[in-house]
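Colleague: Before we turn to particular features, may I ask that you take me through this model step by step, with the rule behind each reading?

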Amino acid sequence: MKKITSAQKGGGRDPVNSPQRNSTLPLEVRGLSAGYGGERSVVHDIAFTLAPSTMTALIGPNGAGKSTLLKAILALLPECHAERIAFFGTELSAARARVAYIPQRSAIDWNFPASALDVVAMGLYRKLGFFRRVGRDARETARAALETVGLGAVSTAPISELSGGQQQRVLIARALAQDADLLILDEPFANVDALTEERIAEVLRGLRDRDRTILAVHHDLRSVRRHFHDVMVLNGSLLAKGTAVEVMTDAVLAEAYGFPLERNA
Amino acid sequence: MNAFLHIDFPALAAALLALVGCGTLGNWLVLRKEAMTGDAIAHAVLPGLVAGFLVTGTRSVAAMFLGAALAGVGAILLAGWVRARTKTGAAAALGIVFTACFALGVALLETRGARQVDLDPECVLFGSLETLFYVVPAEGSWIAGVPRAIWSLAAAACVALTFTAMFAKELTLLSFDREFARFSGVAPRALERALLIVVSACVVASFEAVGSVLVIAFLACPALIAAPHARSVRGQIALSLAAGAAIATGAYFLAAFAPQLFGARSALNAAGMISAALAAAVPLSHIARSMLNRRRA
Amino acid sequence: MNLGANSMLVFAGCTAFGALAGTVGTFVLARRRALVADVAGHATLPGVCLAFLAGEAFGLNGRTPWLLLLGGASTALLAAWSIPTLAQLRRLGSDGATAVSLAFFFGIGAVLLSVVQLHESGAQGGIRKLLFGSAAAMTSSDVITLTTLAVATVAVLATFFKEFALVSFDEPFAKVMGVPVRKLDLALTALLVATVVAGLQVAGIVLVVALILTPAAAARRFRGSLTKITVIAATIGAASAAAGVALSLVVDGLPTGSAMTLVATVFFLLTIARRNNTPPVQVA
């Protein structure tokens with residue numbers, strides 16, 4: 001296990017050996033502090049990198065600033081200072097097509113009048129550009145993305161009639177349709193049953209095996225090691241980063257959560 | 001029949017055109033959970049309208065439009081600033097800013113412009129559908145007799161429909177998942193501003209004929225009536241316009257002709273009647289939906 | 001300047017109302033009922049018109065102040081009750097419920113106002129004055145009604161101050177402590193409606209909400225205990241109302257409601273301009 005002291009290079013894997021879809025680091029963050037306009041920042045002095053084709057969990061207690069960190073990285077917060085935030089070696093504006101953000105399921109109004117296919121097609125809006133409607137090609141791409149997450153059968157169903165796990169998979173399918181190389185997810189396993197959690201994890205693992213990089217906020221400490229290879233522990237600042245086996249030790253968790261945890265993973 | 005053509009038809013046409021403009025845009029506000037933003041804009045455009053007149057000194061449509069659209073957008077931005085600055089809730093910030101705007105508008109009207117602008121504060125609230133007449137011109141084409149308000153309402157309706165059709169995709173994403181829209185760069189901030197500008201323009205155009213009471217109702221109620229039944233945004237917009245038009249027409253005739261059944265000479269305020277009918281239809285529509293769901297289950 | 005014999009009385013009445021509005025507004029804001037106040041103001045219109053028509057029908061003078069206020073209060077209460085009730089409908093939400101309630105009650109009000117205007121008696125002029133407020137048209141009996149309402153409302157608020165404070169600023173805690181949250185909410189709604197009808201003659205149906213919200217929002221920029229903030233809100237409210245009345249008497253044609261709202265807004269902008277980084281009161 002490595003403690004984070006300063007800007008640190010490399011993730012859990014050697015980038016050189018991974019397949020060539022991403023030759024540069026998908027995400028590199030250095031010296032990031034962010035908050036909501038109050039006098040003190042919620043997260044401070046964050047530095048980390050994600051290697052290609054990795055699957056990393058961001059864990060930490062409530063109020064540790066996990067969602068804040070994601071939003072800060074994605075430039076969705078008004079108050080954010082960083083020495084460097086680079087996506088695939090460049091700025092976000094130049095890499096938007098390669099990055100997908102999957103918000104918390106609860107942040108979305110699921111009574112919105114749209115079908116699962118409509119939502120997935122939203123991932124293609126950027127590619128379509130202004131003034132072009134969603135045509136047959138786009139619909140086919142969206143349908144294929146829904147098939148990949150195992151929802152081909154419900155593509156025309158209103159999103160209000162989907163289960164929580166299905167809704168989460170629709171959002172992942174939207175990122176797939178976008179054909180993003182880096183997926184940033186906020187609590188993909190929140191409020192779904194164990195079976196659904198396994199299916200979502202399977203979808204994510206499948207994506208990683210096809211050379212996508214995944215960063216997900218996660219809160220269930222018991223399942224971290226099962227789902228994720230790499231882990232970052234956050235509580236205001238980044239306390240540790242490494243493989244799940246290295247990081248999930250009593251010492252680190254006690255520092256982050258303030259108490260030692262039962263280890264039944 | 002003649003009376004219908006000259007008195008009722010222009011008024012009904014004005015109401016329906018306002019419905020098309022405000023009702024279409026109202027769908028975006030409702031999808032964004034901002035039904036009360038319509039209320040705020042409806043109040044906030046008043047000072048811009050009056051100031052546009054006072055500055056140019058003419059009743060030029062362009063000046064009043066520009067003034068009012070600026071005021072509408074300005075008020076919403078100001079409310080956002082107040083909210084960020086004071087940490088009062090969004091609703092309170094909106095309430096403070098739009099009452100201030102409205103007070104300014106009424107003050108300007110009553111002290112400076114009332115007679116010149118030919119807008120009485122009461123008609124700002126309740127509209128003047130009753131004063132729209134179609135008079136066949138003595139010479140020239142029949143078109144010359146069409147009231148001016150009809151033209152501006154028709155123009156506003158066209159603008160609303162065109163804007164909605166052009167940016168349907170982006171507005172949908174913006175309403176469904178604002179952060180994703182922002183992040184992916186699909187719906188830039190400029191589009192949100194543009195929506196406010198178009199709403200303000202529609203409000204101004206509708207204001208004079210139908211009054212703020214009906215503008216508020218048109219912006220919120222048709223979309224809320226359609227919401228529980230729609231399966232797509234396009235379907236919701238179409239349903240909201242169809243249901244809104246049917247209810248508005250029925251309510252108009254109720255206001256115009258019901259008093260005659262009791263022997264009264266005068267009609268009731270049509271804008272108020274349409275507004276109340278549309279509002280009453282919203283809970284009925286929602287209850288109907290849940291009854292249908294229960295039967296299906 | 002049109003200073004009649006009872007002008008001092010009018011000034012006193014309006015100042016009392018301003019203080020009342022600021023006091024009640026502090027709790028309305030804390031309880032996030034800002035737009036309920038807006039709807040309640042607009043929703044007095046149908047009640048006032050109904051009361052007028054009923055009064056005429058029964059041979060009373062349609063302008064009897066207490067009758068109009070009673071009518072206005074009843075429909076305003078109905079509207080305030082309708083918002084949480086409508087908001088329970090799935091998909092409507094509190095935002096939609098507020099808009100629907102406003103459109104319904106104000107629409108009915110517009111219809112009834114057109115009925116009132118059919119009456120040949122000059123009395124409907126009194127109702128038109130209620131739209132934007134007209135302190136100059138106040139009679140001493142208006143002032144007495146208003147002052148009674150103001151005193152009664154402040155007395156209720158003062159008696160249950162700490163309960164209201166608890167519910168407004170920390171509802172879950174209050175519930176656990178066994179404070180009757182629902183009853184206090186009802187009471188707060190009743191106080192809000194009483195304030196709204198008290199302000200009809202002074203500030204008018206459309207702008208009475210501004211006198212409730214704006215001074216209270218200005219006061220929240222100051223630091224200190226809830227008592228202190230309430231007192232500041234009441235002071236700003238009273239000052240806005242008094243200055244508004246004076247302005248409307250000086251400037252020909254300026255409605256009192258507009259004048260008061262603009263003065264209160266100036267106070268509000270001044271407090272915003274004052275740099276203040278920390279939130280004054282922690283609101284859950």
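Modeller: Let us begin with helix length: the expected span of a helix is 1.5 Å times one less than its number of residues. Helices (H or I, at least four residues) and strands (E, at least two) are DSSP runs, numbered from the N terminus. This is a predicted model, in which local features need pLDDT of at least 70, side-chain atom pairs count only at pLDDT 80 or more, and totals for chains, interfaces and linings use all residues. Residues are numbered from 1 along each chain as its sequence is written, while chains are lettered from A and ligands numbered from 1 in the order in which they are written.

Colleague: What does helix 9 of chain B span between its end C-alpha atoms?

Modeller: Helix 9 of chain B spans only 28 Å, whereas a straight helix of 38 residues would span 56 Å. There is also a kink of about 120° in this helix, centred on Val210(B); the bend at a residue is the angle between axes fitted to the seven residues ending there and the seven starting there.

Colleague: How many residues of helix 9 of chain B are buried?

Modeller: A residue is buried if 20 or more other C-beta atoms lie within 10 Å of its own, exposed if 12 or fewer, and partly exposed in between, with C-beta atoms placed from the backbone. In helix 9 of chain B, 31 of the 38 residues are buried, so the helix is largely enclosed by the rest of the structure.

Colleague: Which residues touch the most other members of the largest nonpolar core?

Modeller: A nonpolar core is a set of buried Ala, Val, Leu, Ile, Met, Phe, Trp, Tyr and Cys residues joined through C-beta atoms within 7 Å. The largest has 310 residues, and those touching the most other members include Val120(A), Ala220(B) and Ala103(C). Helix 9 (residues 189-226) of chain B gives the most to this core, with 25 residues.

Colleague: Where does strand 10 of chain A pair in the antiparallel sense?

Modeller: Two strands pair if DSSP finds at least two bridges between them. Strand 10 of chain A pairs in the antiparallel sense with strand 11 (residues 237-243) of chain A over six bridges, and Asp230(A) stands opposite Thr243(A). In this hairpin, one residue lies between the strands, and Gly236(A) takes a positive phi near 80°. Four bridges join strand 10 of chain A to strand 4 (residues 55-59) of chain A, and these two run parallel; here Leu58(A) has Met232(A) as its bridge partner. Five of the six residues of strand 10 (residues 230-235) of chain A are buried, so the strand is largely enclosed by the rest of the structure.
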